[in-house]
Amino acid sequence: MTNIASDETKKIPAKRWADWSATFTNGNHGRVLKIELVSDEAGAEPLVNGAPLVALDYDPAGKGSNFVISYGDETAPSSHVVAGPVALWQAQDENGLVVSLEIEVEGGSRTIITLN
């Protein structure tokens with residue numbers, strides 16, 4: 001992980017993704033986010049800018065192996081699916097507040113979520 005600059009960046013083990021996602025959602029629901037898709041071929045492509053986080057869910061390998069980022073209107077949220085993740089990093093500021101996430105898929109493409 002090279003794109004996230006913060007006081008502390010840590011890799012979240014795959015076996016913890018489901019529980020981690022629930023805890024993350026509980027602590028960050030409603031925070032404003034920005035989502036970018038980054039690949040070597042296309043560079044950085046903005047997807048969402050300024051929408052509130054509704055939820056970040058993880059479906060394990062037996063159920064699809066993907067992260068679903070729900071954002072926007074609470075009653076009818078939009079979502080972005082990151083299929084087949086291979087790595088997840090979390091960056092925090094000096095106070096322990098999560099400032100960004102990076103989800104990598106096979107082949108090196110990444111989804112970067114920045115939280116305000």
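Gln90 is found in strand β6; helices (DSSP runs of H or I, at least four residues) and strands (runs of E, at least two) are numbered from the N terminus. The model is a predicted one, in which local features need pLDDT of at least 70 and side-chain atom pairs count only at pLDDT 80 or more, while totals for chains, interfaces and linings use all residues. Residues are numbered from 1 along each chain as its sequence is written, and side-chain values use heavy atoms, with hydrogens and water left out.

With a relative accessible area of 5%, Gln90 is buried. Here buried means under 20% relative accessible area, exposed means over 50%, and partly exposed lies in between (1.4 Å probe, protein chains only). The side chain of Gln90 makes a polar contact of 3.0 Å with that of Trp20. Such a contact is a pair of N or O atoms within 3.5 Å; within protein, one must be able to donate a hydrogen and the other to accept it, and residues adjacent in sequence count only if both atoms are side-chain atoms. Leaving aside residues up to four places away in sequence, Gln90 touches several others, among them Glu8, Ile12, Val98 and Leu101, where contact means heavy atoms within 4.5 Å.

Trp20 leads on to helix α1, where it is one of the buried residues, together with Trp17, Ser21, Phe24, Thr25 and Asn28. Seen down the helix axis, these buried residues fall within an arc of 135°, so they line one face of α1; the arc is that of the directions from the helix axis to the C-beta atoms. They pack against β3 (43–59), β4, β6, β7 and β8. On the other side of α1, the exposed residues are Asp19, Thr23, Asn26 and Gly27. Gly27 counts as exposed because its relative accessibility is 57%. Its C-alpha atom is separated by 9.5 Å from that of Leu97, 70 residues apart along the chain. Just after the helix, Gly30 takes a positive phi of about 90°.

What kind of aromatic pair do Trp17 and Phe67 form? Rings of Phe, Tyr and Trp (its six-membered ring) pair if their centres lie within 6.5 Å; planes under 30 degrees apart count as stacked, over 60 as edge-to-face and the rest as tilted. By this rule there are 4 aromatic pairs. The pair of Trp17 and Phe67 is tilted, at 5.2 Å centre to centre with 50° between the planes. It links distant parts of the chain, with Trp17 in α1 (residues 17–28) and Phe67 in strand β4 (residues 66–71), 50 residues apart. Tyr58 and Phe67 also form a tilted pair, because their ring centres are 4.9 Å apart and their planes lie at 45°. Trp17, Tyr58 and Phe67 make up one aromatic cluster.

Strand β7 (residues 98–105) has 6 of its 8 residues buried, so it is largely enclosed by the rest of the structure. Strands pair if DSSP finds at least two bridges between them. The antiparallel strands β6 (residues 85–92) and β7 are joined by 7 bridges, with Leu88 partnered by Ile103 in β7. In their hairpin, which has 5 residues between the strands, Gly96 takes a positive phi near 90°. Another 5 bridges join β7 to strand β8 (residues 110–115), and these strands also run antiparallel. Leu101 stands opposite Ile113 in β8.
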